[in-house]
Amino acid sequence: MKYLVLIYSNPQPWGHPTGAYLAEHQVLPQERRDQMETDFDQLLAQMTAEGELVGAEALGDPATATVHRWSDGQPVTTAGPYSEGREHLAGVFLIDVADAARAEEIGRGFSGPGETIEVRPVM
């Protein structure tokens, strides 16, 4: 079963890994941040070894996006980002796992202070 793991983060400042740029992450003790990084690296290694990681991409600053819509029957292109909210899509991981429970387990492993992680099945 394929799922997308969508990573949302605050775009100010923008960088990857997103957690390193978030105040909620930066206030953690260094040893906790180091452990979180180790845990994440282990999760990625496990996913790779088990063939669950299909692909992943970090996305650029949402301010560099363009938005395409229709208005008055014509296509209109505007500068991005689309979202007016605090968080923007920062990156995606495509995974192929045995079941929804494993997808949710991976989603929990991706979550960190100040970030929102969405796990969504691929149609």
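Beyond residues up to four places away in sequence, glutamate 52 touches Met47, Leu94, Ile95, Asp96, Val97, Arg102 and Ile106, a contact being heavy atoms within 4.5 Å. The model is predicted, with local features requiring pLDDT of at least 70 and side-chain atom pairs counted only at pLDDT 80 or more, while totals for chains, interfaces and linings use all residues. Residues are numbered from 1 along each chain as its sequence is written, and side-chain values use heavy atoms, without hydrogens and water.

Glutamate 52 lies in the loop between α2 (30-49) and β2 (53-58); helices (H or I, at least four residues) and strands (E, at least two) are DSSP runs numbered from the N terminus. Its relative accessibility is 7%, so glutamate 52 counts as buried (buried, under 20% relative accessible area; exposed, over 50%; partly exposed, in between; 1.4 Å probe, protein chains only).

In α2, Arg33, Met36, Leu43 and Met47 are buried. They lie on the same side of α2, because they cover an arc of only 85° around the axis, taken from the directions from the helix axis to the C-beta atoms. Glu31, Gln42 and Ala49, on the other side of α2, are exposed. The cover over the buried residues of α2 includes α1 (23-26), β2, β5 (88-96) and α3. Glycine 51, which follows α2, has a positive phi near 75°.

Phenylalanine 110 belongs to helix α3 (residues 100-110) and counts as buried because its relative accessibility is 6%. Apart from neighbours within four places in sequence, phenylalanine 110 contacts Val5, Ile7, Phe40, Leu43, Leu44, Met47, Phe93, Glu115 and Ile117.
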